[in-house]
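User: I would like to learn how to read the overall features of a model like this one. Could we take them one at a time, beginning with the secondary structure?

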Amino acid sequence: MKQKDIALILIVAAIGGVISIVLTQQFFVPKKNKELSAQIVEPIKSEFQQPDNKVFNNNAINPTQLIEIGNGSNANPF
């Protein structure tokens with residue numbers, strides 16, 4: 001490489017660095033005087049309401065119970 005090429009590469013890199021810093025400051029750094037807001041959340045209450053009887057009834061099928069089909073006395077099923 002010639003000395004002109006090295007100087008040109010350094011100038012282009014410096015200009016690219018300055019442009020990237022300016023654009024980064026413009027788009028990604030938040031403004032300091034900007035007021036932030038947050039959603040107000042209701043506190044958790046200790047009372048629990050009973051669920052609707054249409055959805056949770058005592059006569060419904062319990063899907064967590066073990067279902068056994070037939071006689072399970074075979075020790076080697078396969």
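Predicted model: local features only at pLDDT ≥ 70, side-chain atom pairs only at ≥ 80, totals over all residues.

User: How many helices and strands are there in the chain?

Analyst: Helices (H or I, at least four residues) and strands (E, at least two) are DSSP runs, numbered from the N terminus, and by that reading the chain has 1 helix and 0 strands. Residues are numbered from 1 along each chain as its sequence is written, and side-chain values use heavy atoms, leaving out hydrogens and water.

User: What percentage of the residues count as buried?

Analyst: Buried means under 20% relative accessible area and exposed over 50%, with partly exposed in between (1.4 Å probe, protein chains only); here 0% of the 78 residues count as buried. Phe28, in the segment after α1 (3-27), is exposed, with a relative accessible area of 68%. Asn59 also lies in the segment after α1 and counts as exposed at 76% relative accessibility.

User: How far apart are the C-alpha atoms of Asn59 and Ile40?

Analyst: They are separated by 40 Å, with the two residues 19 apart along the chain. As for the overall extent, the C-alpha atoms of the chain fill a box of roughly 90 × 50 × 20 Å, taken along the principal axes.
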